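Here is a short briefing to read alongside the structure. It starts with the elements, moves on to the sheet and ends with the overall fold.

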Amino acid sequence: MTTDRIAVDIKVPNQTRYLCLIGHIGENIARTLRNYGGDREKLAYDLNLVLTEAMANAIVHANEGDPAKDVHIEISIIKQNLFIKVFDFGPGFDIEQYIEPSHPLDDHGRGVYLIHTIMDEITYLPTDSGHVLEMRKAL
Amino acid sequence: MNLQIEDKGAAVLLLVEEERLDAHNSGDLKNQMLKLFEEGKHNLVVDLQAVRFVDSSGLGALVSGFKNASSRNGNLKLAGLQLQVKSMFELTRLHRVFEIYTDSAEALSSFQQ
């Protein structure tokens, strides 16, 4: 069986106008995979969503909307597992309080919950220069 | 954001002409709705037929509009949801909050009854 070996490393300015670009990369990876037995269009939407939510979190909560900062994203596929890392360069945020679903009528707080429902593992760890949101999904 | 706003009498129709409703443009929708509320328009239909992707910020903007409409004894109804967009409402249990119609004509006529 031919396996996918994909590694994407991208840095974009800390601005929401780049969410679309990053989301589309996720969609295109889902459509390009050689071996995926599930619903490919659902996976495309899910990866678009995970990347959009993770990057928006980095922009709004971690980098505090500073347009001079960057968001660094790594996407890789290793042995039928998809890994996404989103690095921010800010003070971070408390991820635990967002894991549970928010009340349906809350304006905010659904992003991390959505990531959590789609991905198999999610951790948010400090780095030398900020934090990294690490996620894994078995394909 | 590309948004068409038409006063249809019983309700105002907001036609979102964007492929994505996300953290980049959902603030615009929220502000347009606030403007309508300030003008005394409390019944809104948001037509999402062109939208194929919505994130948590997009959902949040619609929830904010719904709460503002409700607090003014109005309503915000949704129309034209694509399949995957509808799944987002189900995943977040918002399909129980909003009245969701197949198209805007149906949603608008529900305000006239």
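Chain B of this predicted model contains 4 helices and 7 strands. Read from the N terminus, its elements follow the order β-β-β-α-β-β-α-β-α-β-α. Of the strands, 5 come together in an open sheet with mixed pairing.

**The sheet**
- Across the sheet of chain B, the strand order is S1-S2-S4-S6-S7.
- The edges belong to S1 (3-7) and S7 (100-101) of chain B; each has a single partner strand, so one side of each has no neighbour in the sheet.
- Helix H2 of chain B, residues 56-71, packs on the sheet, where it touches S4 and S6 (75-79).
- The direction of H2(B) makes an angle of about 140° with that of S6(B).

**A parallel pair inside the sheet**
- Strands S2 (residues 12-16) and S4 (residues 43-47) of chain B run parallel and are joined by 4 bridges.
- Within this part of the sheet, Leu14(B) stands opposite Val46(B), a residue of S4(B).

**Overall fold**
- Along the principal axes, the C-alpha atoms of chain B fill a box of roughly 30 × 25 × 25 Å.
- Buried residues account for 46% of the 113 residues in chain B.
- Among contacts in chain B with a separation of 6 or more, 75% are between residues 24 or more positions apart.

Technical notes
Residues are numbered from 1 along each chain as its sequence is written. Chains are lettered from A and ligands numbered from 1 in the order in which they are written. This is a predicted model: local features need pLDDT of at least 70, side-chain atom pairs count only at pLDDT 80 or more; totals for chains, interfaces and linings use all residues. Two strands pair if DSSP finds at least two bridges between them. Helices (H or I, at least four residues) and strands (E, at least two) are DSSP runs, numbered from the N terminus. Two residues are in contact if their C-beta atoms, placed from the backbone, lie within 7 Å. Axes are lines fitted to C-alpha atoms, for helices over the stretch in contact, and angles run from 0 to 180 degrees between N-to-C directions. A residue is buried if 20 or more other C-beta atoms lie within 10 Å of its own, exposed if 12 or fewer, and partly exposed in between; C-beta atoms are placed from the backbone.
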